[in-house]
Amino acid sequence: LPDLRQQVLDATATQPYIDQGLAERLAMPENTVRPRRTELRDRGLVEPAGLTRKTRSGRSAVVWRVVG
């Protein structure tokens, strides 16, 4: 996998995250993390964990986990 996708996948493997949490953990903008996570989802490598968490703004966001 290209470097940014691998970083997102590795972080998600340590624990499930919302996109905002991934961006914070990786010190990347959300608009960099979200497309990489979408690519991983499309490849069947990450999936919704069946949970939501609140973002800083109070909205509900999907929690993502590694498949398997």
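1. Leaving aside neighbours within four places in sequence, Q20 is in contact (heavy atoms within 4.5 Å) with E30, T55 and R56. The model is predicted: local features need pLDDT of at least 70, side-chain atom pairs count only at pLDDT 80 or more, and totals for chains, interfaces and linings use all residues. Residues are numbered from 1 along each chain as its sequence is written, and side-chain values use heavy atoms, with hydrogens and water left out.

2. Q20 lies in helix α2, residues 19-26. Helices (H or I, at least four residues) and strands (E, at least two) are DSSP runs, numbered from the N terminus. With a relative accessible area of 13%, Q20 is buried; buried means under 20%, exposed over 50%, and partly exposed in between (1.4 Å probe, protein chains only).

3. The buried residues of α2 are D19, Q20, G21, L22 and A23. Their cover includes α1, α3 and β2. A27, which follows α2, has a positive phi, near 55°.

4. Helix α3 comprises 13 residues, 30-42.

5. In α3, the buried residues are T32, V33, R36, R37 and L40. Seen down the axis, these fall within an arc of 120° (taken from the directions from the helix axis to the C-beta atoms), so they line one face of the helix. Their cover includes α1 (3-14), α2, β1 (46-54) and β2 (60-66). On the other side of α3, N31 and D42 are exposed.

Definitions and conventions
Expected span 1.5 Å × (residues − 1).
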